Amino acid sequence: MPWEKNFDLDDALDKAMVVFWSKGYNGTSMTDLVNAMEINKGSLYNAFGSKDQLFNRVLLRYDQQVRQKRFARLRDVGDTRKIIKMFFEDMVSEAIEDDDKKGCFLINTALNLPNQPLEIQKIVTEALIEIEEFFMEMIEKDQKEGRLDKNIDAKEKAKSILALIVGLRVLARGTYEPQSLEAIKAQAIGLLDPQC
């Protein structure tokens with residue numbers, strides 16, 4: 001008789017995400033996962049395959065629900081300075097409200113990238129490249145439309161924005177005070193000023 005699932009896959013993925021996000025890939029056991037997902041080990045393997053495959057799906061789900069949706073919303077703003085301001089304001093607010101200091105699942109995974117399975121390395125690397133490309137595209141669009149100086153090096157500024165994103169996400173998990181996070185936000189917002 002073929003295996004039939006008797007649980008919601010998306011709900012199970014969301015529950016697995018909470019565990020992986022708080023404990024990391026290496027710190028999460030199969031027991032942690034089956035307990036959190038409220039399914040048995042056989043169902044987990046039948047529905048998702050291995051721990052690696054489950055983590056892949058969870059990370060992709062997070063990326064689609066958080067990063068891709070956020071960038072789709074920001075793309076409509078149409079002004080890179082406003083986009084940067086909104087993006088960093090969101091990150092600072094999230095960090096202040098994050099009592100567990102869990103940070104960003106994607107960036108947390110990136111911090112241990114050399115020890116991740118190859119498929120995870122690929123997901124994280126592509127996501128980081130897409131973040132940089134998003135900001136580069138927005139800067140170039142504003143340059144074409146006359147909102148930004150054409151002498152700004154779009155690629156260099158996009159790399160700086162990515163570095164500030166990663167830095168803020170990492171520092172927000174530690175002892176950084178909200179004022180310090182605000183200083184990072186201000187630096188990001190000022191990146192496109194002529195003197196920078």
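Leaving aside its neighbours within four places in sequence, with which residues is Glu-132 in contact? In this predicted model, where contact means heavy atoms within 4.5 Å, Glu-132 touches Lys-155, Ala-158, Lys-159 and Leu-162 once those neighbours are set aside. Glu-132 belongs to helix 7, and with a relative accessibility of 13% this residue counts as buried, a term that stands for under 20% relative accessible area, whereas exposed stands for over 50% and partly exposed for the range in between (1.4 Å probe, protein chains only).

The structure is a predicted model, in which local features need pLDDT of at least 70 and side-chain atom pairs count only at pLDDT 80 or more, while totals for chains, interfaces and linings use all residues. Residues are numbered from 1 along each chain as its sequence is written, and side-chain values use heavy atoms, with hydrogens and water left out.

The secondary structure of the protein chain consists of nine helices and zero strands, where helices (H or I, at least four residues) and strands (E, at least two) are DSSP runs numbered from the N terminus. The order of elements along the sequence is accordingly written α-α-α-α-α-α-α-α-α. The C-alpha trace spans about 65 × 35 × 30 Å along its principal axes, and 44% of the 196 residues of the protein chain count as buried. Of the contacts between residues at least 6 apart in sequence, 64% join residues at least 24 apart.

The pairing of helix 7 with helix 8 gives the setting of Glu-132, which is one of the residues that make this contact. The axes of helix 7 (residues 118-144) and helix 8 (residues 154-172) come within 8 Å and cross at roughly 135 degrees; these axes are lines fitted to C-alpha atoms, for helices over the stretch in contact, and the angles run from 0 to 180 degrees between N-to-C directions. Helix 7 and helix 8 are therefore oblique to each other, since angles under 35 degrees count as roughly parallel, those over 145 as roughly antiparallel, those from 65 to 115 as roughly perpendicular and the rest as oblique. On the side of helix 7 the contact is made by Leu-128, Ile-131, Glu-132, Phe-135, Met-136, Ile-139, Glu-140 and Gln-143, and on the side of helix 8 by Ala-154, Lys-155, Lys-157, Ala-158, Lys-159, Ile-161, Leu-162 and Ile-165. These residues divide into ten nonpolar, one polar and five charged, where Ala, Val, Leu, Ile, Met, Phe, Trp, Tyr, Cys and Pro count as nonpolar, Asp, Glu, Lys and Arg as charged, and the others, Gly among them, as polar.

A search of the whole structure finds 21 salt bridges, each being a side-chain nitrogen of Lys or Arg within 4 Å of a carboxyl oxygen of Asp or Glu. One of them pairs Asp-10 with Arg-61, with the closest N and O atoms 3.3 Å apart. This pair links distant parts of the chain, as Asp-10 lies in helix 1 (residues 9-27) and Arg-61 in helix 4 (residues 51-75), 51 residues apart. Asp-10 is partly exposed at 41% relative accessibility, whereas Arg-61 is buried at 16%.

Another salt bridge joins the side chains of Glu-94 and Arg-169 at 3.0 Å from N to O. Because Glu-94 lies in helix 5 (residues 80-97) and Arg-169 in helix 8, the pair ties together parts that are 75 residues apart in sequence. Here Glu-94 is partly exposed, with a relative accessible area of 31%, and Arg-169 is buried at 10%.

The side chains of Asp-142 and Arg-147 likewise meet in a salt bridge, at 2.7 Å from N to O. Salt bridges that share partners join Lys-141, Asp-142, Glu-145 and Arg-147 into one network.

Lys-101, in the loop between helix 5 and helix 6 (105-111), has a positive phi of about 55 degrees although it is not a glycine, and Lys-101 is partly exposed, with a relative accessible area of 31%.
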